[in-house]
Amino acid sequence: MDITLVEETPFRFRVERQGAMRVPGVVFATRELLPQATGDKALEQVVNVATLPGIVRASYAMPDVHWGYGFPIGGVAATDIDVGGVISPGGVGFDISCGVRLLAAGIDRDPLAPRIRRLMDILGDTVPRGLGPGGLWKLSGRSLEGLMVGGAAYAVEHGRGVPRDLERCEDGGTLAGADPSQVGQRAVDRGLRQVGSLGSANHFLEVQAVERVYDETAAAAFGLHAGQVCVMIHCGSRGLGHQVCSDHVRVMDQSLRSFGIELPDRQLACAPAVSTPGRAYLGAMAAAANYGRANRQLLTEAARHAFTVATGAGLDLVYDVSHNMAKIETHEVDGVRRRLCVHRKGATRALPPGHPDLPDDLAEAGQPVLVPGTMGTASYVMAGTAGNDAFWSSAHGAGRVWSRHQALRRVRGEELHGELESHGIAVRPKSWRALAEEAPDAYKDVDAVAAATEGAGLARLVARLVPLGVVKG
């Protein structure tokens, strides 16, 4: 496919409508951050998404965009559900409600230094990770149903957290509309044994320090200061979410003809959001999202236990936000308020100051936007801005440039471990292979991604965090 990019600003490119596109494509990036890898069809996917029924304004891509399933990772699209707008599982991803949670510790970097090895040993011994079963909370079927409805709130109600955690969690920790009856038995079976686990791939629990503060006022509102220790947790809904996606993609693929929907890529399988399969997926997706939020809540408690034992310090939640979601939101489009199904795949919500969904103590600063890097690099805390026209969406991380197979050919896990340790980063991997797959060189430069995110007006810089130790799946 021949795609012409028009540079509107140094941080914004446009793909004009062509063929079956209903809206233009908009890519927030610098020239250096545009997909470069051979075979990366992310820009073609931006064009394909623009053909979805009911899509409005544009098919967006964030600065960390790269090739995904159907939608690019870093893709954002909103459809008007009152005029046939669709819901597409490919616009959410297989790891439903995969997201990032940031915790602020009651200890600074220097006092932690003599205790970091013990802390990482405890975390390495107690945090379940890797493929397959293994979690911190063994549930019955009835309990799992309650968790899929209640999310992080269900975990807190059962003594796995404190009420303030929910105030600093997207949607109060619970996505409304969950329908566990739309979650298949195989998904349930997988989910029963994985609550409170990191999983594998790019998921991690990382101990970090605030290296630099760009916005003192926002940082103070978030509970952060220079030198402070933090914990960043990146994981999602594990096997349950993956199975939900697989099951509902199959149903929607089989129903495309009945809705008269033609697509350039079958991986974009979809259905009108108000249709029977559309409502079924939204209910199952919300149930999986709540599972993912409860999962991060359980890992928070594991981190708190480790910090208490190793340092005596506590951990307060800064924020928890998902980056693989579709949500029904109201936005103004062409001067009219519309009900939209906003897909954010590998993109995070970034609410501006004063937004009614923000807790009172964050209203002036805006929503915390969490942009993790990779082992050995930095991560960023940003904040939502009023100038964001991508339905209040932002980048979610560094974005891959190598496949995992390429990383394995180029990097040896044992050597990477030694290199990271030599730079003062205590690494607790599940396997050398998993470590090599997530080598820093396999990702875009997170500093460049953060700068482009700010330059594009998607979010503004608040703080830069650097790693002290990491637990990997």
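**A helix crossing**

Helices α3 and α10 cross in a right-handed way, meaning that the near helix is turned clockwise from the far one by less than a right angle. Keep in mind that this is a predicted model, where local features need pLDDT of at least 70, side-chain atom pairs count only at pLDDT 80 or more, and totals for chains, interfaces and linings use all residues. Residues are numbered from 1 along each chain as its sequence is written, and side-chain values use heavy atoms, leaving out hydrogens and water.

The axes of α3 (residues 116-126) and α10 (residues 276-310) come within 9 Å and cross at roughly 145°. Those axes are lines fitted to C-alpha atoms over the stretch in contact, with angles from 0 to 180 degrees between N-to-C directions. Helices here are DSSP runs of H or I with at least four residues, and strands are E runs of at least two, numbered from the N terminus.

On the α3 side, Arg118, Leu119, Ile122 and Leu123 make the contact (heavy atoms within 4.5 Å). They meet Ala302, Ala303, Ala306, Phe307, Val309 and Ala310 of α10. By class that's nine nonpolar, no polar and one charged residues; Ala, Val, Leu, Ile, Met, Phe, Trp, Tyr, Cys and Pro count as nonpolar, Asp, Glu, Lys and Arg as charged, and the others, Gly among them, as polar.
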